[in-house]
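Q: Could we go through this model together, beginning with the overall fold?

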Amino acid sequence: MSLQAKVISVSDDKIKAKVKVKPVASCNGCKACAGLIKANKNSLKEQEITVLTNDIPIKENDIVTLELTEYQGSKAALILYGVPIIGFIGGMLISPIFCSMLATQVTDGARIIGALIGFVLSILFIALYIRKNKTETFMMHIASKISED
């Protein structure tokens, strides 16, 4: 998925840039970057977002191409959908170990509680992962500079 944008400002460390992007009509209904830009039928107007520069030398008023790779989308889907399922199943499978440590009988209720604990822990893991790796994982990046203004 790629879009054109106009650079508004570049950070001092030249790692991030603030750009003004206008979703095109083909963005309507697409969910590829729905969390990054508000691409729905009511908001096909210019928006400011922060993107990674990828060490491309840019300055204010440059026109650039923004990109969100398939890899980033797949990684986000795995993190947001796969990790909770793994936590849920893992918690259910580990619950007999905790039951034996507590010298109690393994019941369906214990498995359900274990599954819920695994699910909650996986959600906490996702929250921490996103906080730490938001820049690399969930941000669009500049693929190329089209023109200078």
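This is a predicted model: local features need pLDDT of at least 70, side-chain atom pairs count only at pLDDT 80 or more; totals for chains, interfaces and linings use all residues.

A: Residues are numbered from 1 along each chain as its sequence is written, and side-chain values use heavy atoms, with hydrogens and water left out.

Q: How many helices and strands are there in the protein chain?
A: The protein chain has two helices and five strands; helices (H or I, at least four residues) and strands (E, at least two) are DSSP runs, numbered from the N terminus. Their order from the N terminus is β-β-β-β-α-α-β.

Q: And what share of the residues is buried?
A: Of the 149 residues in the protein chain, 32% are buried, meaning under 20% relative accessible area with a 1.4 Å probe, protein chains only.

Q: Which way do the side chains point along S2?
A: They alternate along strand S2 (residues 16–21).

Q: What is the sense of pairing between S1 and S2?
A: Strand S1 (residues 2–10) pairs with S2 in the antiparallel sense, over five bridges; two strands pair if DSSP finds at least two bridges between them. Ala5 has Val21 in S2 as its bridge partner. The two strands form a hairpin with five residues between them, and Lys14 in the turn has a positive phi of about 60°.

Q: What about S2 and S3?
A: S2 and strand S3 (residues 47–52) are also antiparallel, with six bridges. Here Lys20 stands opposite Glu48 in S3.

Q: Changing topic, how much space lies in the second largest pocket?
A: About 220 Å³. On a 1 Å grid over the protein atoms alone, a pocket is an open set of points where a 1.4 Å probe fits, with protein on both sides within 12 Å along at least five of seven lines. The volume is the space filled by probe spheres set on the points.

Q: Which residues lie nearest its centre?
A: Gly91, Ser95, Phe98, Gly114 and Ile117 do, out of 14 lining residues; lining residues have an atom within 4 Å of a point. Helix H1 (70–101) and helix H2 (108–138) each supply at least two residues of this lining, and H1 gives the most, with seven.

Q: How does the lining divide into nonpolar, polar and charged?
A: Eight residues are nonpolar, six are polar and none is charged. Ala, Val, Leu, Ile, Met, Phe, Trp, Tyr, Cys and Pro count as nonpolar, Asp, Glu, Lys and Arg as charged, and the others, Gly among them, as polar.

Conventions
Buried means under 20% relative accessible area, exposed over 50%, partly exposed in between (1.4 Å probe, protein chains only).
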